[in-house]
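Hi there,

Here is the structure I promised to pass along. Have a look, and my notes follow below.

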Amino acid sequence: MSLVNVDIAIVGAGIAGQTLALALAQQDFSVAIVDANDISQNITDEFSPRVSAISKASERILKNVGAWQNIMRLQAYTEMQVWEDQGFGHIAFSAQENKIENLGHIIENNCLTQALFDTASVIKNIQLFGGQKISAINRSDDQQLINLENGHIISAKLIVGADGGNSFVRKTAGFAVTFWDYDHIAIVANIQTELPHQFIAKQAFTATGPLAFLPLSKPNVCSIVWSQNTLEAERLLGLSDDEFCKSLQVALDSQLGKCELLGPRFNYSLKMQYAQQWVDNGIVLVGDAAHTIHPLAGQGANLGLLDVAALAQELSALKLAGKAFHTKKALRPYERWRKSEAAKVVATMEGFKRLFNGNDPALKLARNLGLTAANAIPPIKSFFIQQAMGNAGKMPELAKHQD
C-alpha cells in the first residue's frame with residue numbers, strides 16, 4: 001500500500017478532467033487524476049464516431065493550457081447552415097462575414113483526450129492513475145481519501161468530480177439531481193458523402209428531431225448526430241445500412257449526394273441532468289457530472305470546459321490570497337457562477353427542442369418566420385453567432401485571448 005498526497009484529486013480523465021489538471025498545474029497545485037479506464041487512447045487512421053464541436057472559447061482554453069498543438073486530427077468549419085425540413089426557414093453563419101478564420105473545430109473525442117494526456121503526462125505536478133477503480137471515498141472537512149482497489153490511497157484537500165453523467169463522486173457526496181428524459185435517442189456514425197462537405201456544418205430540424213452533419217478532416221467524410229424521438233430512432237436503427245443511408249440522404253435534402261456508412265452505427269438515450277448542489281466541503285463538480293444537455297447545439301463539451309476554466313480561476317485566486325480553497329464557502333462563488341450559466345443553456349436547449357418538435361402548423365410557421373428573421377436582422381444574427389462561438393455570458397480568463 002502507498003499513500004499519495006496532493007492538493008487536488010480529479011476523478012475522471014476525460015476532456016474536462018484533464019484540462020482542469022493542466023490549468024491547476026500551471027498555478028502550482030499538485031494534482032492526481034484517477035480514471036477506471038486507461039487514459040491513453042488507441043488512435044487509428046479510422047475516424048472515431050464520437051466527436052465534439054469545439055467553440056472558439058474552448059479552443060482558447062485548450063491553447064492556454066498547452067494541449068491544442070498536440071491534437072492529432074481536427075477540422076475547422078467555416079460555415080454553419082441551419083434549416084427546417086420541409087419549411088422555408090433557414091439561417092447561415094460564415095466565418096468570412098464575421099471576419100474570422102473559422103467558427104470552431106470538429107474534433108474526435110479520443111483525439112482530444114489523447115492530446116490532453118500527451119500534455120499532462122510530462123508535467124511533474126500531475127500524477128496519472130489510469131485503469132484504477134475506486135473502492136471508496138472517505139471524507140472529512142480538511143482531508144479527502146480516495147481508496148483504490150489496488151490498495152493505494154490518494155489524499156487530497158479537494159476532490160473534483162469530472163466523472164460524467166453517472167458520476168460516482170456526485171453520488172458519494174449525496175448531491176440530488178434534477179432530470180428529465182428527452183425521449184430522444186442519438187444515432188452517431190461516420191459517413192462518406194458523394195460531394196465534399198466544403199468545411200460546412202449542417203443541421204436540419206425535422207418533426208422527429210434534429211440531424212447534424214459535422215465535417216471531418218477528409219473532404220468527403222462527416223460525423224453525424226441524428227437525434228430522433230425513440231420510436232423513429234428505433235425504426236432507423238432497424239433499417240439496413242443501405243436503407244439507413246437513403247433515409248439520411250432524404251433528411252439532408254441530398255445536399256451532399258449519396259451517403260455511405262464508414263462503420264457501425266452507435267446510439268445512446270438522451271436525458272437532461274442538473275445537479276442541485278455542485279459543492280461541499282472537499283467536493284466540487286464540473287462538466288457532465290454537474291449537467292448533461294441535449295446535443296442539438298453541440299454545447300456539452302464547451303459547457304464543461306468553461307466550468308473547468310472558471311473553477312481553475314477561482315481556486316487560483318483563493319490560493320494567491322492565502323485562503324482555504326477546499327471549503328464549501330470558498331467554492332460557492334464558482335457554484336453560483338457556473339450553475340447560472342449552465343441553467344441558461346439547459347433552458348435554451350429545452351426551448352429549442354420544444355420549438356422544433358412536431359408538425360403543428362402554427363408552431364411550424366412561427367419557427368420558420370423566426371429563423372428567416374434571425375438570418376436577416378444583423379443584431380439577432382450576431383447574438384446567435386456569439387453564442388455558437390462560446391463568447392456569451394461571464395467568461396473565465398482562460399477562455400479569453402492571452403498575450
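Is G164 buried, partly exposed or exposed? G164 counts as partly exposed because its relative accessibility is 21%; buried means under 20% relative accessible area, exposed over 50%, and partly exposed in between (1.4 Å probe, protein chains only).

Before going further: this is a predicted model, where local features need pLDDT of at least 70, side-chain atom pairs count only at pLDDT 80 or more, and totals for chains, interfaces and linings use all residues. Residues are numbered from 1 along each chain as its sequence is written, and side-chain values use heavy atoms, with hydrogens and water left out.

G164 sits in the loop between β11 (153-161) and α4 (168-173); helices (H or I, at least four residues) and strands (E, at least two) are DSSP runs, numbered from the N terminus. Beyond its neighbours within four places in sequence, G164 is in contact with R170, D288 and A289 (contact means heavy atoms within 4.5 Å).

Now to the charges. The whole structure holds nine salt bridges, each a side-chain nitrogen of Lys or Arg within 4 Å of a carboxyl oxygen of Asp or Glu. Among them is E59 with K63 (2.7 Å, N to O). E59 is buried at 8%, while K63 is partly exposed at 45%. K56, E59 and K63 are linked in a network of salt bridges.

Another joins E108 and R73 at 2.8 Å, N to O. That pair links distant parts of the chain, with E108 in strand β7 (residues 104-108) and R73 in the loop between α2 and β4 (75-77), 35 residues apart. Both E108 and R73 are buried.

Best wishes
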